[in-house]
Amino acid sequence: MGAVPEFLLRKLVVPGSLKSAGQGFLFEINNTFVPVNLLRFNLRADGQDIPSEQVTIIHPGVQSVTGAQVTPQQPFELPVNTPMRIEVAAPPPQKELTIQAETREAGLLQFSIPTHSGIDDQPRFAGLRNFFRRLPYYPRIIKARLDPQRPKAHFAAPAHWLNDPNGLIYWKGRYHLFYQFNPFGAVWGNMHWGHASSPDLLHWQHMPIAMAPDPGGADAGGCFSGCAVDDAGKATFLYTAVWPECQCLAVGEGDDLKSLHKHPTPIIPAPPSGLEVEGFRDPCVWRQDGEWRMVIGSGLRGVGGAILLYRSADLRAWEYLGILCQGDIHQKEPLWTGTMWECPSFFPQGDRWVLIVSACHSDGALYTLYLTGQYADNRFTPDDPARLVDFGAGGCYYAPQTFLDESNRRVIIGWLREARSPAEMTRAGWSGAMSLPRLLSLGADGSLRSAPIDKVDTLRGTRERLDQPGQISTLHGPSLEARFTLPTHCDQWTGVEVITDAFAQPLRIGYDPDRGVLLADCRAAGGLLSEAPLDLAVEDRTPIRIFLDGSVLEVFAGDRIALAARYYLTTPSQARLRSVGLAAIDLWETVV
Ligand code: FRU
């Protein structure tokens, strides 16, 4: 397919990623077009072929192959929006690097990138260069603010890409939310820590970027996810630096934690020797028996997701204690737990311990799941098989982090992923939102319960009650809350429809008696169909709560079902609700 212009192909190389490394060099490619299978992958430095066995393609935490191993018989999958790291054991090119990628879907793609201005490994100029690369961010903040699809009650970055919540902590009277942030675009990459603070977990003030990768440092490839703890009055952050993945530490400065001061060297430089791990990231730290404990998300190759346990007296020197808990890639029912577990959260709740992990596999994120069970002798033994934390389809709710609020209650915030393509995210200029903060508790049956924190009610503005069949609300979007109870007997679809003038097909949220599920069908507006089993015999008087917010939907059935989804109405401000088969719906405008 000679038709793809070279300037577009050049965008495959992540800006600023080309660096010298040891005797060779490395760079990242990020396929933002369509998934392709590589049949051959060759590089040329200044017109000279680089032997393909000197080229390694690394899908971080998943697989690594040499260029020579990429063949039509053994193609290498290049998924969308998943940066791959290319390491080359050859001198870096002086003038240009040529990339030849033969693909099954698009034929031969060949393009060159100039390197004559030097390989990007000069920390001296990184600040200035980043300043210029970040310039488009500022006009995009204004564009994002005007975008009616951008949520109001759900936190989103001022513009550009956001993923996992990080370093959640209540500190000196305010809540702090750090988050995975790309200040250079609305797709994943260049991971920094964005920052916001709030008096109540609902009204957020954006703060300056808290942490950036240091060129030449352990986190030159990105500051990945991590947590916060109170170390005798010092807010201390533990996070993963890449590449290779290692664990690092930073100390918050000032009461407002405006910037984080990094410890000069990694505190855990590598995974435990002797373990063949897939991924080694996202520390979660707590205090236990007068010392610190840490779990790190990982996977054991060919075995399944795994959580590695450590201990320390001072947060800086760590001793590996073994595998806290592991999954089984061969067990597909009731829920497949993937090949690697990201973003663990491990904490006591009621009479048990809870482990929450975000399960992923080589094609990317799956969903967030939890286990409850017993923790003794450095092992966690689940009482039951893994269950979903949230029922949103497509792993919408991912990489959550838990923390204790000012009243010592366990709160969880998750990243709500987009259901749209990278091209659409780039067009919008922003991507990703956080869930509403949810309060966690443990049911008598050992199930993890969650519901929005009480304070969410303070966002209720004008109220309306729909008590006629088929009645359409006068209140309209973009941000609404609805509450109703399902009738004891439902033999027809019952719930609310979200209608706009622009869309013939409504979104539907309610109970489907044929399938016995609570569903949120966002397919009419670029979203997905999500379903959660709901037993009306048990749940008939359970309040169903719906939060519609720009392009974010959260649905709760009491504290038993939580379901997050995304939808993309062209005019979310015209969204109105229609009652279908319900005696009454209470409705509020959400005011932030
Ligand atoms: C989860 C995750 C983490 C990692 C971070 C990088 O979404 O992949 O495992 O630390 O995102 O942005």
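Guide: A definition comes first. On a 1 Å grid over the protein atoms alone, a cavity is a set of points where a 1.4 Å probe fits but cannot get out. Its volume is the space filled by probe spheres set on those points. Note also that this is a predicted model.

Visitor: How much space lies in the largest cavity?
Guide: The structure holds one cavity of 30 Å³ or more. The space in the largest cavity is about 50 Å³.

Visitor: Now the ligand. How many residues surround the ligand?
Guide: The closest residues are D164, Q180, R281, D282 and E342.

Visitor: How many residues of the shell around the ligand are charged?
Guide: Sort the shell by class. Seven residues are nonpolar and three are polar. The charged residues number four.

Visitor: How far is a polar side-chain atom of D282 from an oxygen atom of the ligand?
Guide: For D164, a polar side-chain atom lies 2.8 Å from a ligand oxygen. For E342, a side-chain N or O atom is 2.6 Å from a ligand oxygen. For D282, the distance from a polar side-chain atom to a ligand oxygen is 2.5 Å.

Visitor: What share of the ligand's exposed area does the protein bury?
Guide: Start with the ligand taken alone. It then exposes 320 Å². Of that area, the protein buries 92%.

Visitor: Which elements give two or more residues to the shell around the ligand?
Guide: The elements concerned are strands. They are β11 (160–171), β15 (222–231), β19 (277–288), β23 (340–349) and β28 (397–404).

Visitor: Where is D282 found, and what is its phi?
Guide: D282 is in strand β19. Its phi is positive, although D282 is not a glycine. The value is near 70 degrees.

Visitor: Which peptide bond is cis with omega near -5 degrees?
Guide: Look at the loop between β16 (234–242) and β17 (246–253), where W243 lies. P244 is also in the loop between β16 and β17. The bond from V242 to W243 is cis, with omega near -20 degrees. The cis bond with omega near -5 degrees runs from W243 to P244.

Visitor: How far apart are the C-alpha centres of domain 2 and domain 3?
Guide: The chain is divided into domain 1 (6–134), domain 2 (161–270) and domain 3 (456–590). Between the centres of domain 2 and domain 3, the distance is 36 Å.

Technical notes
Residues are numbered from 1 along each chain as its sequence is written. This is a predicted model: local features need pLDDT of at least 70, side-chain atom pairs count only at pLDDT 80 or more; totals for chains, interfaces and linings use all residues. Side-chain values use heavy atoms; hydrogens and water are left out. A residue is near a molecule or strand if one of its heavy atoms lies within 4 Å of it. A polar contact is a pair of N or O atoms within 3.5 Å; within protein, one must be able to donate a hydrogen and the other to accept it, and residues adjacent in sequence count only if both atoms are side-chain atoms. Accessible areas come from the Shrake-Rupley method with a 1.4 Å probe; for residues, only the protein chains shown count as cover. Helices (H or I, at least four residues) and strands (E, at least two) are DSSP runs, numbered from the N terminus. Ala, Val, Leu, Ile, Met, Phe, Trp, Tyr, Cys and Pro count as nonpolar, Asp, Glu, Lys and Arg as charged, and the others, Gly among them, as polar. On a 1 Å grid over the protein atoms alone, a cavity is a set of points where a 1.4 Å probe fits but cannot get out, and a pocket is an open set with protein on both sides within 12 Å along at least five of seven lines; lining residues have an atom within 4 Å of a point. Domain bounds come from an automatic or database domain assignment.
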